[in-house]
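Have the structure open as you read.

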Amino acid sequence: MDEFIQRVFPVQQENINYDDLYESLYQLYQNPIDLNNATAEDLASIYMLSQIQIKNIIEHRQQNGDFLSIYELQAVPNLDLETINRLLPFVVVKYKFSANDLKNRLTNATEHYLVLRSDQVVEKAKGFEDGKYLGSPQHLYARYRLSHPKDFQVGFIVEKDAGEKNYLDYYTFHVQLRNKGHLKNLVLGDYQVQFGQGLICSAGFSLGKGSEAIATTRRSNLGIRPYGSLLEGGYFRGAAMTHQLGKIDLTGFYSFTKRDASVDEGNGEKEDYFSSILTGGYHRTETELARKNKISEQNIGLNATFRLKNGQVGATMLHTQFDAIMQRSPVLYNKFEFLGKQNLVLGTNFTYTWQNFNFFGEAARSSSGGVGVIGGFVAALSRQVEWAVNIRNYDKNFHSFYANALGESSRTINEKGIYWGLKYTPKKGLIFSAFYDRFKFPWLRYLVDAPSDGFDYLLRMTYQPNKKMLFFTQYHEEHKGKNMPNNATVTDLVVNTKRQSILANFEYAINRTFKTQTRVQMNTFQYVNALQSKGYVIMQDIEGSIKRLQLKGRLAYFSTDDYDSRIYTYENDVLYAVSLPAYYGKGFRTYVIARYGINRNIDLWFRWARTQLSNVSSIGSGTDEISVPHKTDIKVQVKYQF
């Protein structure tokens, strides 16, 4: 799982939610695709197969009948052993149950477990010392799941953040049934939906621009997915169903839920209004508690997807209604933002495969009259060369609350762009990949007080001469406009900024049980005609196992001039948790993870992590400030497999 995440990990971006990204990737891992029912859309959603490989898997099944075993993948043309090994955790050949075999399915569930976790920062934050945080310093988490792939799933998560008083401060739950006659999918509780390229409904299953230059540029028609993230927003709560009528899949969904917001009450003279929905999910102080569940949100959505021989065509509608007016703060860059209580988004999408080309696109219109359009293709020009093109145009008044289409911004609004991706595999074990993306923002943005444009590109080389060794190096550069800080002129001056990142990574498997990984990464950030902010990190990882005990650890030294040259790095964590901190300042970062299998049913995890800074007297800011130059986190988790 760690190798998969690092392979498709997107380039460092501003305002990206890495927790939601990890949960999205992990759902792929938890719900393997049945090779005997997989569509081209399903196979594309795992981000590791070329267009030729997807086509050949489908053709092999059509010509030879259902797969009898996952080992039959070796008979599919253009599937090498390296690709098959990466694919194995994400696919399955499902045993076909009889209609009356419900008892057998329940007693032989693929997943049936309970996870309990507690973690705590050893040093006291200012919020606890001053008494502003009302609860205990422990972060508590519980997760339950009972499921069988493509059949049924029941699950819930409860969580309390450090400083929160209520032990059930956040919860999410779902019940799912799949493939029951014409009932293709039914979810009760919390869920997300994804259709087309994510202009109307995008379930968070999108990676954007990154080291995987081809597969991640398009979205797959995933339909309804149960929600299992700790992100306290971006999901629906209610019921959703997909019904199959021949070649047409009809989906309807309804949601009613409360959202966090800071509401200004009209006191009878005018209507209540709020500026934005808060998704941070913290309810530690009296102020944060006062914002909890202040807004009611209702969503009604429909989708119809017609399956063609080599593709599909679909139409989607989403109507959103609040019980108060959404009104952004009265600043110029918000001039074209959504204003009101209701929003309706209508759109259509398609995907079509011709030979080794897969074409895709989506267009949508919101109540404001704003339009969003995206389209492109991915292609396998030969066994060695893959190519992708993606063109997008999102009006400055296009409003779609659950969109997450490809783009430079974290929101699908006020952007035009064109993306090119290329991958070249001259021989086994050697891969060159690259992308170039040029974008334009027709209207003002936060901290950008004028229309602006920019571009970014990435170059990557991966070399794996054998199973024991892996080396890759990557260079990324981004140019875009931003307000000049500490500007002395009457109006803010927008200038060009340049961000560069270069990394080199080497992994070596000493034997079957021990592995090392060494990484060096350097970042720079610069406003035009200003001093350059620089940063670097040197990391050494080691992992191994001794009988039932698995160990992973890291020692890292980092040095950055300021927050602008910060470096995001992926860290190993306990199961179902993610750690993607930003290293900045000067100091050391270390962590150790131990996993011990007590018996067939019980696994235990322990994680110790510490950041030690130099030349400073504290860490953090505001109520999270710690008055010493170090921060230590201890995490304990137990999983019981029923």
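In this predicted model, Asp603 and Arg595 are paired through their side chains in a salt bridge, with an N to O distance of 3.1 Å. Asp603 has a relative accessible area of 17%, so it counts as buried, while Arg595, at 30%, is partly exposed. Elsewhere, salt bridges with shared partners link Lys209, Arg392, Glu408, Glu415, Asp437, Asp456 and Lys480 into one network.

**Salt bridges**

- The whole structure holds 27 salt bridges.
- One of them joins Glu288 to Arg284, at 2.9 Å from N to O, and both of these residues are buried.
- Another pairs Glu337 with Arg328, whose closest N and O atoms are 3.9 Å apart.
- Glu337 is buried because its relative accessible area is 16%, under the 20% cut-off.
- Arg328, its partner, has 26% relative accessibility and is therefore partly exposed.

**A buried charge without a salt bridge**

- Which side chain of opposite charge is nearest to Arg219? It is Glu362, 8.4 Å away.
- Arg219 is buried and has no salt bridge; a salt bridge would need a nitrogen-to-oxygen distance within 4 Å.
- A polar atom of the Arg219 side chain does lie 3.3 Å from the backbone oxygen of Asn404.

**Charged surface patches**

- Lys335, Lys396, Lys416 and Lys440 together form a positive surface patch.
- Lys440 has 47% relative accessibility, so it is classed as partly exposed.
- A negative surface patch is made up of Asp264, Glu265, Asp272 and Asp323.
- Glu265 sits in the loop between β10 and β11 (273-278).
- Is Glu265 buried or exposed? With a relative accessible area of 55%, Glu265 is exposed.

- Lys258 is in strand β10, residues 248-264.
- Its relative accessibility is 40%, which means that Lys258 counts as partly exposed.
- How far apart are the C-alpha atoms of Lys258 and Pro77? They are separated by 51 Å, and the two residues are 181 positions apart along the chain.

Note on methods. Residues numbered from 1 in each chain as written. Predicted model: local features only at pLDDT ≥ 70, side-chain atom pairs only at ≥ 80, totals over all residues. Heavy atoms only, no water. Patch = residues over 30% accessible without salt bridge, like charges linked within 9 Å, V, L, I, M, F, W, Y side chains within 5 Å. Areas by Shrake-Rupley, 256 points an atom, 1.4 Å probe, with all protein chains shown as cover. Lys, Arg positive; Asp, Glu negative; His and termini not counted. Charge placed at Lys NZ, Arg CZ, Asp CG, Glu CD. Buried < 20%, exposed > 50% of the residue type's maximum accessible area, 1.4 Å probe, protein only. Polar contact = N/O pair within 3.5 Å; in protein donor to acceptor, adjacent residues only side chain to side chain. Helix = DSSP H or I, 4+ residues; strand = E, 2+ residues; numbered from the N terminus.
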